[in-house]
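Subject: Structure for your review

Dear colleague,

Please find below the structure that I would like to hand over to you. My notes on what was found in it follow directly after it.

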Amino acid sequence: MAFFSVFSTCNRTVRKGSAMSGNESKYDVVVIGAGPGGYPAAIRAAQMGAKVAVVEKEKVGGTCLNQGCIPTKSLLASTEVVTLARESDKFGVKIEGVEPDWTAIMERKQKITDTLVKGVTHLLKANGVDLISGTGRVTLERNVAVKSADGERVLETDKIIIATGSDPAELPTFDFSQPTVMTSTDALELDHIPESLIIVGSGVIGSEFAGIFKPLGTEIVMLELMDRMLPTEDSRVAKQMRSTFRKEGIDIRLETTVSEVLEYGDDHIKVELSSGDTLEAEKLLVSIGRRLNSSGLGLEEVGVELDRRGTIVVNDRMETNVDGVYAIGDVVGGILLAHTATAEGLVAAANATGGSSVIDYKVVPACIFTSPEVGSVGLNTDKAAEQGIEINVSRFSFGALGKAMAMGEDRGFVQLVIDPETDKLLGAQIMGPHASDLIHEAAVAIKLGATAEDIATTIHAHPSLPEAIMEAAEAAHGRAIHVAPRKKR
Ligand code: FAD
């Protein structure tokens, strides 16, 4: 069943005040964790008429609002202004004396985060959800115990949704109590722009931080254990991103990691690399993935199944193996993104309030907010090769697009992955201006089973960036207008 079932099957109403239990002090649903998985789940369950509490040990909004999506994008927005102002000559505009003001940049970031946290707190209240501060744990009676500075209380409940998310993964090579060693969370609290930075890991988060600090003047060396950066992306995207980063002066060393820390100073760190080289920098950022928050929740005690990595095992209804206990978001592994956490939260909320809904991961856009941005959805060329799926691949370069040129953003391309038999769109990878917005045209097309022909014959406004998607679709049939045909020999 498609994901829209969340909305189409949600019209069952649970009477407020715990119709299920007949006990006014008992909750129908308690959600542990108020990140982008937990708070929408709580609101949706309340919309269905359930009596709901959400337990949060830090700030509502979770990693996404406080240490992830929003603060990084706020910083990136400031960085982009710096870059644009410095390159203003290209547009025939003279701006002199461009200097980033880190304190003001950080204040702006904090203000945006605080506003959103306040907004979510208000939404929870407006929907009648009780927000309870403290650390939640599932008890043997399958209720939720909440520990806070005031002591411990138990919330009786029928259903529990675990939405405890993840924290930055650490590496034993490094002593994280040292001021020079940072997780992504620490990097968002820096009180100045570092002069030099070693980034361990060239995945999405490492690449976004490189994109934040390089334009602000930080010298960056990125280390990657694998033989390519952005290991989960399409290889063409990864290759072009590497070449873009290198042109910008970011030193990327593949198949290389830190073998040993030689010195922890107050204002520098010196490391030895697996290649034998030594490196010194003011700070070192470890961005190698996330550690899932499934321990200390009493899950093993009530028999909830976890896998070897501590991932909570769920089915497509977001149910664990224990009746009435659901889990969503980063803590169930898979695609660690805010919008997947939300989608899973809405599915769990529907099922916990008597509806029937399943999650569908066929169309999940994933974006990298670098310059240029990357957006991808569905099948890519590497996965197709791995799985032996025959595909047609068609591309169009932003360098040939009027709007992109006018914007001074002509790097990158649109790549469409098409089923050669049915002409249906199976996937898309976009690297270029506003790729994180553009990718949604491809996402909707895949969701609706659209063909390359459908996209090509949909009139797109001119001049606009989505024309690149239309041109790539035309190219799939060998008839792109703005690509010169290859000469026949
Ligand atoms: P979280 O957001 O981690 O929320 C879990 C919440 O549970 C937290 O508030 C935590 O305090 C609370 N909690 C944990 N244990 C307990 C307990 N026992 N009791 C009470 N409360 C508890 N994703 C995107 O889609 N787009 C992006 O641009 C993006 N950028 C990112 C940038 C960075 C630097 C990082 C680190 C992540 C980024 N992500 C992005 C990923 C995204 O933030 C996560 O996928 C998302 O926040 C997961 O949501 P969640 O609700 O599962 O968990």
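Pro463 is located in the loop that connects helix H14 (452–456) with helix H15 (467–476). Please keep in mind that the model is a predicted one. The peptide bond leading from His462 to Pro463 is cis, and its omega is near -10°.

Asp423 is not a glycine, yet its phi is positive, at about 70°. This residue belongs to the loop between strand S22 (413–418) and strand S23 (425–432). As background, most residues other than glycine have a negative phi, and most peptide bonds are trans.

I turn next to the ligand. Which residues come nearest to the ligand? Among the 38 residues around it, these are Glu56, Thr63, Lys73, Gly136 and Asp330. Sorted by class, the shell consists of 14 nonpolar, 17 polar and 7 charged residues.

Several elements contribute to this shell. At least two residues each are supplied by strand S2 (52–56), helix H3 (62–67), helix H4 (69–86), strand S4 (135–138) and helix H10 (338–352). The largest share belongs to H3, which provides 4 residues.

In Ala338, a backbone N or O atom is 2.9 Å from an oxygen atom of the ligand. For Cys64, a backbone N or O atom lies 3.3 Å from a ligand oxygen atom. At Cys69, a polar backbone atom is 3.5 Å from a nitrogen atom of the ligand. On its own, the ligand has 1,000 Å² of accessible area, and the protein covers 93% of that.

Finally, I describe how helix H2 is arranged against two other helices. H2 (residues 38–47) packs against H10, with the axes 8 Å apart and at an angle of about 30°. Because angles under 35 degrees count as roughly parallel, H2 is roughly parallel to H10. The crossing of H2 past H10 is right-handed.

How is H2 placed relative to helix H5 (residues 102–126)? Their axes come within 9 Å of each other and cross at roughly 25°. H2 and H5 are therefore also roughly parallel to each other. In this case, H2 passes H5 in a left-handed crossing.

Yours sincerely,
A colleague

Definitions and conventions
Residues are numbered from 1 along each chain as its sequence is written. This is a predicted model: local features need pLDDT of at least 70, side-chain atom pairs count only at pLDDT 80 or more; totals for chains, interfaces and linings use all residues. Side-chain values use heavy atoms; hydrogens and water are left out. A residue is near a molecule or strand if one of its heavy atoms lies within 4 Å of it. A polar contact is a pair of N or O atoms within 3.5 Å; within protein, one must be able to donate a hydrogen and the other to accept it, and residues adjacent in sequence count only if both atoms are side-chain atoms. Accessible areas come from the Shrake-Rupley method with a 1.4 Å probe; for residues, only the protein chains shown count as cover. Ala, Val, Leu, Ile, Met, Phe, Trp, Tyr, Cys and Pro count as nonpolar, Asp, Glu, Lys and Arg as charged, and the others, Gly among them, as polar. Axes are lines fitted to C-alpha atoms, for helices over the stretch in contact, and angles run from 0 to 180 degrees between N-to-C directions. Angles under 35 degrees count as roughly parallel, over 145 as roughly antiparallel, 65 to 115 as roughly perpendicular and the rest as oblique. A crossing is left-handed if the near helix is turned anticlockwise from the far one by less than a right angle, and right-handed if clockwise.
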